[in-house]
Amino acid sequence: MNVHITNIYGFIQDQELKKKQNLYADAGHILGFKEMGIFNFDVSTDTESELSKRLDGIISSLQFNDLVFVQLPTGNGEHFDNLLINKLRAYNTKVCILLHQTIEYEYVLNSVDLIMPTSNEVYAYLKEHNYSNVFYKKNIHYEFDSNSSGLLSSDFYIKKYLIDVVDQLSQPVLDEQDENVIHIGFGLHDKDGHYSVWVGTAMQSIIDHTDSKLCFHILHDETVGEENKRRLKQVANQKGDFIEFHEIDSAEFECIKNRTHGFTIGTMFRCMLPDLLPDLSKIVYLDADIFVNTDIKELWEFDINDYCLAAVVDEGVIKFHIPNILYKYPEIDRNQYFNAGVLCMNLRKIKQRGNLKDLVVKFLVNNPEATYPDQDALNVLFHNNILYLDSSWNQFVYSHREENIDILKQGIYHFAADVLVLYSNSKIDMEYFKTLCRTPWSDYEIGNRIDGCIGRLNDRINQYEKMMYRLSMPGVKHIFYGEENDTLRKIYNLIHITENDYRVLKRPDNLNGQVLPCKNLESLKDEKGQIIIFVLYESDGYTAIQNLEELGYVNGEDFFVVARFMSFLDGGFA
């Protein structure tokens, strides 16, 4: 749906009216509205046919089901204004009149969807004549300033006034009892204002692949601004789907705010779903960094009546490293530890266990070793009540790049702390980028994603230059920080390890079949000669880099983060 706003030009005797219309049109421009320019002229000089053609030119950018703000009076008289409104209505448009002066256009005023008075005088006139479609929200504290010829008191309120109308006229009404509506939840913390695009792109991918009616529930805190909310609404409303915003007070998680490690507090918001949506029995929860390449209805229709959650085993845990929490809770099999980025949640059955937010917070307070905050908690709380789904419902993007870059199979793809890689030649990256380009953030994000890819390539080159200098030192010892996985073994082959080389961890994991022995991290204090350390940044609960720096080692000189210099096909950052 496009939004338009009229504006008057040319010589007009009522300069105050022109000033008002120009002011509102300028606010509309900032909000991305399209302008319909109207020139003031002697209407009596046109025949009806000529006048009709003139109006067709004014509304030439109009499409069916658009929204138009018509600023009245236009200065061209009642006949012109009536014809303009009738032309607009023929396109099945939503029409809102911005009424700057009292006019006695009874037919026009009764036929439009909303009337927005822009002064106390006009508002009083409309109320006196019982126009039921007057829009004037007292609870938002709109103020008409009598000292400014009846204009709203600030540019901020003018834009807010316009935005509220767009919301009211574009948002369908949700029937909470409609069993055909699929409910989908996202958690959103957006401190820098650029994370909302991930949620918007995920929503767009869902909409592109289903004919089902959807309701998106955005669980957010105060970091999500009005402009990003507007854009998220724009994505949801393009096919008439619903969107509801639920603001979360971050103080709910004050006692664990320092426990989220490399994750944002937004990951915790999903724990609020059972209490925020008491009338829902089920919801699909998705992380923001998701791309849906299948009909979400298939996930929605899994029978989870006997389970608290439906989820997919975390392939990162299977391939790479064991979460610390599994050492403490051996009853949870590594092969059954699920990833919480894609969940189908039985809200009623979960509530039978207690308040989910309280349960998760209590778990994290009592388990400081948990490295994947709410994901660890959900695994421990519900490990015996999970419906395990096929891996296609939560497949990591890096695996797709490694195994099958030419075909994008049906399923849900999870970037999982990964980024878009435009130089990967991978189908998932190209499809994600094309979907992003159809969102309201495309004007900024296209250049931003390209710049990001170039920046990461330059950083990899820089890492290699510094690393080669350290590796060329005579007798340098190679030390590896992390669990021995495929990525480390690839590095072993590249640099030709010696019998003096070893690995370190806070808790050594010397197991059968490992190439290098593992020592306690504190062993590094005894090293006197030249060393180079290769570190898996996720080691020791994502504290590896911090631990090395506390020991006095310098990032990019003494130690190198493997993910920064390895190819994304070999386990590095994209």
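Asp113 is partly exposed, with a relative accessible area of 23%. Partly exposed here lies between buried (under 20% relative accessible area) and exposed (over 50%), using a 1.4 Å probe and protein chains only. This is a predicted model: local features need pLDDT of at least 70, side-chain atom pairs count only at pLDDT 80 or more, and totals for chains, interfaces and linings use all residues. Residues are numbered from 1 along each chain as its sequence is written, and side-chain values use heavy atoms, with hydrogens and water left out.

Asp113 pairs with Arg89 in a salt bridge, 2.9 Å from N to O. The term requires a side-chain nitrogen of Lys or Arg within 4 Å of a carboxyl oxygen of Asp or Glu. Arg89 sits in helix 3 (residues 78-89) and Asp113 in the loop between helix 4 (106-111) and strand 5 (114-117), so the bridge ties together parts 24 residues apart in sequence. Helices (H or I, at least four residues) and strands (E, at least two) are DSSP runs, numbered from the N terminus. Arg89 is partly exposed, at 32%.

The whole structure holds 22 salt bridges. Three of them are tabulated here.

| Pair | Closest N and O atoms |
|---|---|
| Glu527 and Lys477 | 3.2 Å |
| Arg489 and Glu484 | 3.6 Å |

Glu484 is buried, with a relative accessible area of 9%. Its partner Arg489 is partly exposed, at 31%. Shared partners join Glu484, Asp486, Arg489, Arg503 and Asp509 into one salt-bridge network.

Glu527 is buried, at 18%, whereas Lys477 is partly exposed, at 23%.
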